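Open the model in your viewer and follow along. Each stop tells you what to select and what is there.

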There are 2 protein chains.
Amino acid sequence: MIYAAIMGFGTIGSGVYEVLDRNREQVAAAAGQPVEVKYVLDLRDFPGTAVEDKVIHDFSVIENDPEVKLVVETMGGLNPSYPFVKACLLAGKHVSTSNKALVAAHGTELLAIARKKGVNFQFEASVGGGIPIIRTLYRCMAGDRVSEITGILNGTTNYILTKMDREGWSFGQALKEAQALGYAEQNPEADVEGYDTCRKIAILTALAAGKEVDYREIPTEGITNICAEDLRYADTLGLALKLVGTSRIQGDKVSVRVAPLLMGKENPLYGVNDVYNAILVKGNMLGTSMYYGSGAGKLPTASAVVADMIEEAQNLDHHVPMGWSGEKLALQTEDTAVYRYFLRIAGKFEELHQMVEHYLGDCQIALLEGLDEFAVLTDAMEKSAFEQALARLNEVLAQAGSRTVQIIHGEA
Amino acid sequence: MIYAAIMGFGTIGSGVYEVLDRNREQVAAAAGQPVEVKYVLDLRDFPGTAVEDKVIHDFSVIENDPEVKLVVETMGGLNPSYPFVKACLLAGKHVSTSNKALVAAHGTELLAIARKKGVNFQFEASVGGGIPIIRTLYRCMAGDRVSEITGILNGTTNYILTKMDREGWSFGQALKEAQALGYAEQNPEADVEGYDTCRKIAILTALAAGKEVDYREIPTEGITNICAEDLRYADTLGLALKLVGTSRIQGDKVSVRVAPLLMGKENPLYGVNDVYNAILVKGNMLGTSMYYGSGAGKLPTASAVVADMIEEAQNLDHHVPMGWSGEKLALQTEDTAVYRYFLRIAGKFEELHQMVEHYLGDCQIALLEGLDEFAVLTDAMEKSAFEQALARLNEVLAQAGSRTVQIIHGEA
């Protein structure tokens, strides 16, 4: 018998209890022995429930009980999750967390403590919910050099973009529906501004590069600026629009960004819709692979936490190598990155398109009936070259009484 | 330093050498120490190459060298790979193989020996080449109960179906092109008759259910019977046609089959084309997830072997729980499985469709210009009910001088 404690008995924490309970035999077989929850730490009591007798309100009970080997942190936020997790690791306990904010902010320190104390600090559930991407990176691609990670890492924004595309809804309408269904929070900033995606791509990049990534340095753009017309143009061009986090890793040169991206049918992320997440990984040996599943949800996320607990149970007496060092990764700007660019330009196509193509080169054109504007999709160009061309184009457009209404990156 | 031997220096074996060489640092960091190939066992010599001094022709050199801890089997076939692998495990060495025939035929015995000797017998590369599906099942879904696995597991047939669909080619034309490109062998039977897919779904099912699966008991249908018209009908119905291996696991009730399957856009396998493989897995907690990548190819497959070697190096002194027991899984027939059915019927739509719908219920209809036939897609029905209805329909069709030209399963 191995004893565990769950800190935070909200959606994910109670889900962990449910997975351990419903798949008891399966978990015991994989872990080598039954896993029993001894304590549930929460501010609330849960009278009349199965955990009634396990609820405690004092963290030190967990910290000081040598029988507790596995601790689950599903409180969220940084306080008190950070001091609690740190204390557990220092006390020689294994910790699994679903808390991406904690991992992005303090992962380096917590990993170093785990290494020193010979225990494991794991966080499979912090990125991609039910998609086993963390374990894939450190277990399955251990012999590979990862050159690119591109992920649809936020289910809320993917749901919003899917609805805007399929139903022709505005961003506001789609957000409202997402909130009504419980997919988006009342303050949706973390999702729609890309902050959630930013923390997740920071974690994946740190894992792949083996160095610390400061998520605050990642250029991050959300989807609040996207409108239904953008998606209609994308459809006519045969493209899908997704909010992605991308990192490109070439030796010490690493660039990371979060932004909406237009992609074609050949991209395995093209058909990933609704609240699903998916992550595309390129390795120098493995080539392109893609991992798809539920990005959130009580049981998928809890199942990922339980997979961590099983790995910890299998490695009670030593640290399994994973994570990143304290060395900080210097992020590069994307000047030489190659994209296609989608632009919407106010005014009449007949009057303006020659001017546009003069500066941007040959473009694919898209027109929507009834709008006093048009859209173009450039060929692949380096970011710095595009920015120079755009600056000149904007000048002459202004002289002609026109302007660029929208700019979105497209995959090259 | 940890020493390894590669048995069989063909495409995959030399790929393993290349991955170990090119990603030397990466591998050493993950394995905890450098991995050095000490021997290459092959019938050939490789004069003038980097392995020239490592080539041996006598297996007993590997078997009797206590310094060799990791052995790679990439010879293929069963003889001598089976006796060699068995001898290595009995000698206390870890073995990684890419050989699905070996795992399907002797996996149960080899896993039992590995368990008894406290070593690891691993086979990530035997299914899905560069897709880390084996490790995902035993590591990442360890706490889940898998209820369904459906995989596009053979790149050759997926390429052929893709070409028949996109180019309108016949099966024979597409096969010829696949052979010219080296995707299909001169004797393509193992691929196009579904035998390769059969062995792979047997391995995945045994892993998920924890019991031995006899691949010879799996109903297996290939794609030799599929023609370009089937794919044109599928297009008009908005469906894609894929050769899949499927297992459904409900407690002790497990059914497995290999056959072409029609699927809709909502299925994540819908957009998997060309030589790519993908595997959809449903877990009772994790929900639906999907894993996509190169099903074959020198470096992707070799990379999977190297991931096995790293895991073995991390667990030199003990067996990592995985695999299945010697208990045999009794496969069920699919009588209560629910499918939609696609049928092509010779003759005139106007004269026959009422008769067809009388027996099969309301159907979606598809017509192709210039053909003296039509196609229908039934609603979802139980397999046994369909078979009864079909028998009666065939009788009355025969009386009317008509017949069913094609029957293909579709997802419900």
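**A tour from the domains to the axis**

Select domain 1 and domain 2 of chain A: their centres, taken over C-alpha atoms, are 27 Å apart. Keep in mind that this is a predicted model.

Now colour chain A by its division. Domain 1 covers 2-129 + 299-314, domain 2 covers 134-294 and domain 3 covers 338-411.

Stay where domain 1 of chain A touches domain 2 of chain A. Here 13 residues of domain 1 are in contact with 14 residues of domain 2. Pick out helix 5 (residues 100-117) of chain A. Helix 5 gives the most to the domain 1 side, with 6 residues. By class, that side of domain 1 has 6 nonpolar, 5 polar and 2 charged residues.

Next, show both chains. In this interface, 41 residues of chain B are in contact with 41 residues of chain A. On chain B, select helix 2 (24-31), helix 6 (133-140), strand 11 (287-294) and helix 12 (298-314). Each supplies at least two residues of the side that touches chain A. That side of chain B divides into 21 nonpolar, 15 polar and 5 charged residues.

Zoom in on strand 11 (residues 287-294) of chain A and strand 11 of chain B. They pair in the antiparallel sense over 3 bridges. Find A:Y291: its bridge partner in strand 11 of chain B is B:Y291.

How are the two chains related? A rotation of 180° with 0.0 Å of shift along its axis superposes chain B on chain A, with an RMSD of 0.0 Å. That is the relation of a two-fold axis. The same surface serves both copies: 100% of chain B's contact residues recur in chain A.

Finish at B:Y291. Of the residues of chain B, B:Y291 comes closest to the rotation axis, at 2.4 Å (C-alpha).

Methods: Residues are numbered from 1 along each chain as its sequence is written. Chains are lettered from A and ligands numbered from 1 in the order in which they are written. This is a predicted model: local features need pLDDT of at least 70, side-chain atom pairs count only at pLDDT 80 or more; totals for chains, interfaces and linings use all residues. Copies are superposed by least squares on the C-alpha atoms of residues with pLDDT of at least 70 in both. Two residues are in contact if their C-beta atoms, placed from the backbone, lie within 7 Å. Domain bounds come from an automatic or database domain assignment. Helices (H or I, at least four residues) and strands (E, at least two) are DSSP runs, numbered from the N terminus. Ala, Val, Leu, Ile, Met, Phe, Trp, Tyr, Cys and Pro count as nonpolar, Asp, Glu, Lys and Arg as charged, and the others, Gly among them, as polar. Two strands pair if DSSP finds at least two bridges between them.
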